[in-house]
Amino acid sequence: MSDIRSTTENGSRETESLGHVVPLRVLLAVWFALVLLSLATVGAVRVDLGSLNLWIALAIAFVKATLVGLYFMHLRYDQPFHAIALVGSLLFVVLFVGLALLDTTHYQHEMIPGYAPAVRP
Amino acid sequence: MRRLENGAAHEIPHHFATPRQAYESGKLGMWIFLATEVLLFGGLFAAYAVYRGNHPEIFIYAHRFLDSRLGALNTLILITSSLTMAWAVRSAQLGNRRLLTLLLALTLLGGCAFLGVKVVEYEHKWKHGLLWGKRYRPHPAETAQEHPSAAEVLREAPLGDRTNIPPAAIGPSGLAFSADETRAGHADAEEPRNVQLFFGVYFAMTGLHGLHVVAGLLVIGWVFVRLRGGAYGPSNFEAVDRAGLYWHLVDLIWIFLFPLLYLIH
């Protein structure tokens, strides 16, 4: 609120640049890092690490997404509220997926025709 | 209505006090929209997680029918078009119209190239009957020829053992089939059952993402067409900025889709 008021009072600030201009060097560096991480994720799948493979792939994807968000989408220079909107929506997705996974294997048998309950002779 | 320095007439709606307030409000609205997009895809990611959690063997088997080289190529294309888009926003902010035109054209080209690769992939699956639900009718001989790795994964280890749904216990009597009966005709070297689940998830996720690519191309194309009238300048680049945010979100989603669909171990 105070920011808006001070801007109206001070007419000269109106013409100042809107938003932050990301330096070209930063954009190119982020692109280079994204390409490297993409190659890393392709390479990582060739190594057998059991169930860790999925988590490594997701971690790399998460780092890539963070880079895109922070620099390409200006989140690093923006009001924090934009980041809160994005992270908030991601938290709800994690909650949704996490809760769905909690009990999903427990009643799948009921959906398989001919699947008998365990009967002891 | 205010006339700003750079010569381009820039009208802001009367209910905004300053151009900055108008800019920030629009951007906030865009971010709220992007959050709803994340939730939209969240439903599909949940479906993916549940199916894969229950039937890992289907995913291990079926992803071999996707060409991870084409997936990687599309990843590079989309990342690069994200760079050109971010760069385009920068040149709009700096008022470099010629560079802005070039970079927006490159972004459009990248989006079209992505869709072109996707068409090649979809066509291949269509030809081989690798589709969703009842339309999953693979042509085993051809498919095995073109995808030796899919047959290989079956030879390495019986995938039936990888499922998280254990076979039913054998009851002494009753109407239920015994586990041996239900597995009859499914020798270990054959493909796991319900492979169509993977292709349903694959087409739903990449299809919705593809629609977003088309929408992004339309928005960027609209921005591109308006360039001619000299619509954008250092104080008036909102449309370029918003189109860019949308395009980056499309990139973000692909960043997760690529390893989850193409690179399953």
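H2(A) and H3(A) run roughly antiparallel to each other, because their packing angle of about 170 degrees is over 145. Their axes lie 10 Å apart. The model is predicted, and chain B averages a pLDDT of 84.

**Helix packing in chain A**
- On the H2(A) side, the contact is made by A:Val26, A:Leu27, A:Val30, A:Trp31, A:Ala33, A:Leu34, A:Leu37, A:Ser38, A:Ala40, A:Thr41 and A:Ala44.
- H3(A) contributes A:Asn53, A:Ile56, A:Ala57, A:Ile60, A:Val63, A:Lys64, A:Leu67, A:Val68, A:Tyr71 and A:Phe72.
- Of the residues in this contact, 17 are nonpolar, 3 polar and 1 charged.

**Largest pocket**
- The largest pocket has a volume of about 1,500 Å³ and a lining of 48 residues.
- Nearest the centre of the largest pocket lie A:Trp55, A:Leu58, B:Phe45, B:Phe256 and B:Leu260.
- Elements giving two or more residues to the lining are helices H2 (24-44), H3 (52-72) and H4 (80-102) of chain A, and helices H1 (19-54), H2 (56-62) and H9 (238-262) of chain B.
- H3(A) supplies the largest share of that lining, with 11 residues.
- The lining comprises 35 nonpolar, 11 polar and 2 charged residues.

**Confidence in chain B**
- In chain B, 80% of the residues score a pLDDT of at least 70.
- Residues 1-9 of chain B stay under 50 in pLDDT, and the model has 16 contacts beyond four places in sequence for them.
- Residues 181-188 of chain B also stay under 50, with 9 contacts beyond four places in sequence.
- Where pLDDT is low, predicted coordinates should not be read in detail.

Definitions and conventions
Residues are numbered from 1 along each chain as its sequence is written. Chains are lettered from A and ligands numbered from 1 in the order in which they are written. This is a predicted model: local features need pLDDT of at least 70, side-chain atom pairs count only at pLDDT 80 or more; totals for chains, interfaces and linings use all residues. Side-chain values use heavy atoms; hydrogens and water are left out. pLDDT is the predictor's confidence in each residue, from 0 to 100. Contact means heavy atoms within 4.5 Å. On a 1 Å grid over the protein atoms alone, a cavity is a set of points where a 1.4 Å probe fits but cannot get out, and a pocket is an open set with protein on both sides within 12 Å along at least five of seven lines; lining residues have an atom within 4 Å of a point. Grid points are joined across faces, edges and corners, and a volume is the space filled by probe spheres set on the points. Helices (H or I, at least four residues) and strands (E, at least two) are DSSP runs, numbered from the N terminus. Ala, Val, Leu, Ile, Met, Phe, Trp, Tyr, Cys and Pro count as nonpolar, Asp, Glu, Lys and Arg as charged, and the others, Gly among them, as polar. Axes are lines fitted to C-alpha atoms, for helices over the stretch in contact, and angles run from 0 to 180 degrees between N-to-C directions. Angles under 35 degrees count as roughly parallel, over 145 as roughly antiparallel, 65 to 115 as roughly perpendicular and the rest as oblique.
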